[in-house]
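Q: I have a model open and want to talk through a few spots. Can you take my questions as they come?
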Amino acid sequence: MGTSTAKHNHQTPGHQTPGHQTPGHQTPGGSTAGDDNGVTSRLAASVPMPGPEALVALRARLAAEAEAEGLLDVAHRTVDSPIGPLLVAVTYDGLARVAFENEGHDEVLEELAAAISPRILAAPRRTDPVARQLDEYFTGRRRHFDLEVDLRLARGFRRQVLDQLRLVDFGHTVSYSDLALAAGSPRAVRAAGSACATNPVPLVVPCHRVVRSDGSIGQYRGGPEAKRTLLALESAA
Amino acid sequence: MEPFDRVVEEHGAVVLRVCLALLGPDEAHDAWSDTFLAALRAYPRLRPDSNVEGWLVTIAHNKAMDALRRRSRAPVPAGDGTELSPSVGSDGRRPAAGDDPAEAAIGQLDCTVLAAVRALPPKQQAAVVHHYLADLPYTEVGAVLGTSPEAARRSAADGIAALRVALSPTGASGLPTSRPRPRKR
């Protein structure tokens, strides 16, 4: 009764020691000179490295607490759509970025860290309305987005162009020269084009509704195929 | 500067491991959350050449010490107050919960070993946990503890020596929690 028969599983399944970057660093957990009677390996096995599932609830709690404390400068999530997965990023002021898959979502998050703030977390609460309205748009149940938009990533004339672009309704198209004219610089057609090409919030600020004067569809940040899909979706409705 | 998301992705598991080792499962989640919230607050001011993992473990260490101080001020429940968790099995391991995937992903903790680690003097305990569980090199362990790398290495070596004695089958003296109380036959 009084004898200890504790068993210890030294090779805990799923236990992994992360690779270490420091050259010459002795891997912990290995019995070094055989002088510790396996103590270091028992120690390493005493707390298995938690798997990613262990962090799901913790990360959700972190995002909620960060939001409540005013520390979540950029909340993001990915939304599936007929033109591929879209990254949406929302600041405390509104939707600041919609990114297509071809832009590389990781790279876009890095750009946001540099341009807005590195306090970036995946978080549902602030991004839910964007996801819901995009879904309604793609399923033909929404013609106007009712969202706060944060256009801090567009400056000067580009910002003026985007402000005009927000007035172009669902199902309508304008030409680049119409847009330049509306923005107050009728000769700045190329600049109007580059404002569309660098639109930080495509779809919601509808740069897909800008086409060439000759009727061809022109360029699009998400690729010409995505633009064709969106124009077809709106003309069918 | 990397999006903070990626910092959580890369170092979240190690920080949880440190919190589990220092505090046990019941308080580890709070310490993890406190750690990353504090880190998020300070993150924009972090120097670009910093060792992010060492920085996070430093914060986690401080949060765990805060939790231990709070615990020592709190009324001691039944028992001698040194248990890592009330739900430790007879083999010294905390059983993994069957249904909860988050609990299952934490895996089984060896409470016999952790009780011995927690019985170490604070410097040795921290040096052992940060080197052998957080996988930090001694330069970073020293930075966490505010000592030189050599002193950190000595603390870890002293800690391992003490654990070797404490965990040997014949030398478990001084560790009442690792040995069942003798019963009357």
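Q: How do strand 1 and strand 4 of chain A pair, parallel or antiparallel?
A: Strand 1 (residues 74-79) and strand 4 (residues 120-122) of chain A pair in the parallel sense, over three bridges. A:Val74 stands opposite A:Ile120 in strand 4 of chain A. This is a predicted model: local features need pLDDT of at least 70, side-chain atom pairs count only at pLDDT 80 or more, and totals for chains, interfaces and linings use all residues. Residues are numbered from 1 along each chain as its sequence is written, chains are lettered from A and ligands numbered from 1 in the order in which they are written, and side-chain values use heavy atoms, with hydrogens and water left out.

Q: What counts as a strand, and as a pair?
A: Strands (E, at least two residues) and helices (H or I, at least four residues) are DSSP runs, numbered from the N terminus. Two strands pair if DSSP finds at least two bridges between them.

Q: Which way does strand 1 of chain A pair with strand 2?
A: Strand 1 and strand 2 (residues 86-90) of chain A pair in the antiparallel sense, over five bridges. A:Arg77 stands opposite A:Val88 in strand 2 of chain A. The hairpin of these two strands has six residues between them, and there A:Gly84 takes a positive phi near 100°.

Q: And what about strand 2 and strand 3 of chain A?
A: Antiparallel, over four bridges. A:Ala89 stands opposite A:Arg97 in strand 3 of chain A.

Q: What order do the strands of the sheet take?
A: The order is 3-2-1-4 in chain A, an open sheet of four strands with mixed pairing. Strand 3 (95-99) and strand 4 of chain A are the edge strands, each pairing on one side only.

Q: What lies across strand 1, strand 2 and strand 3 of chain A?
A: Helix 4 (residues 124-138) of chain A does, at about 35° to strand 1 of chain A. Axes are lines fitted to C-alpha atoms, for helices over the stretch in contact (heavy atoms within 4.5 Å). Angles run from 0 to 180 degrees between N-to-C directions.

Q: New topic. Which residues of helix 7 of chain A are buried?
A: In helix 7 (residues 189-197) of chain A, A:Ala192, A:Ala195 and A:Cys196 are buried. They cover an arc of only 100° around the axis, so they sit on the same side of helix 7 of chain A. The arc is that of the directions from the helix axis to the C-beta atoms. Buried means under 20% relative accessible area, exposed over 50%, partly exposed in between (1.4 Å probe, protein chains only).

Q: What do they pack against?
A: Helix 5 (156-165), helix 6 (176-182) and strand 6 (210-211) of chain A.

Q: Over to the aromatics. How many aromatic pairs are there over all chains?
A: Eight. In one of them, the rings of B:Phe4 and B:Phe36 have their centres 6.3 Å apart and their planes at 70°, so the pair is edge-to-face. Rings of Phe, Tyr and Trp (its six-membered ring) pair if their centres lie within 6.5 Å; planes under 30 degrees apart count as stacked, over 60 as edge-to-face and the rest as tilted.

Q: Where do B:Phe4 and B:Phe36 lie?
A: B:Phe4 is in helix 1 (residues 4-23) of chain B and B:Phe36 in helix 2 (residues 25-42) of chain B, so the pair ties together parts that are 32 residues apart in sequence. B:Phe36 is buried, with a relative accessible area of 0%.

Q: Which residues form the aromatic cluster?
A: B:Phe4, B:Trp32, B:Phe36, B:Tyr43 and B:Trp55.
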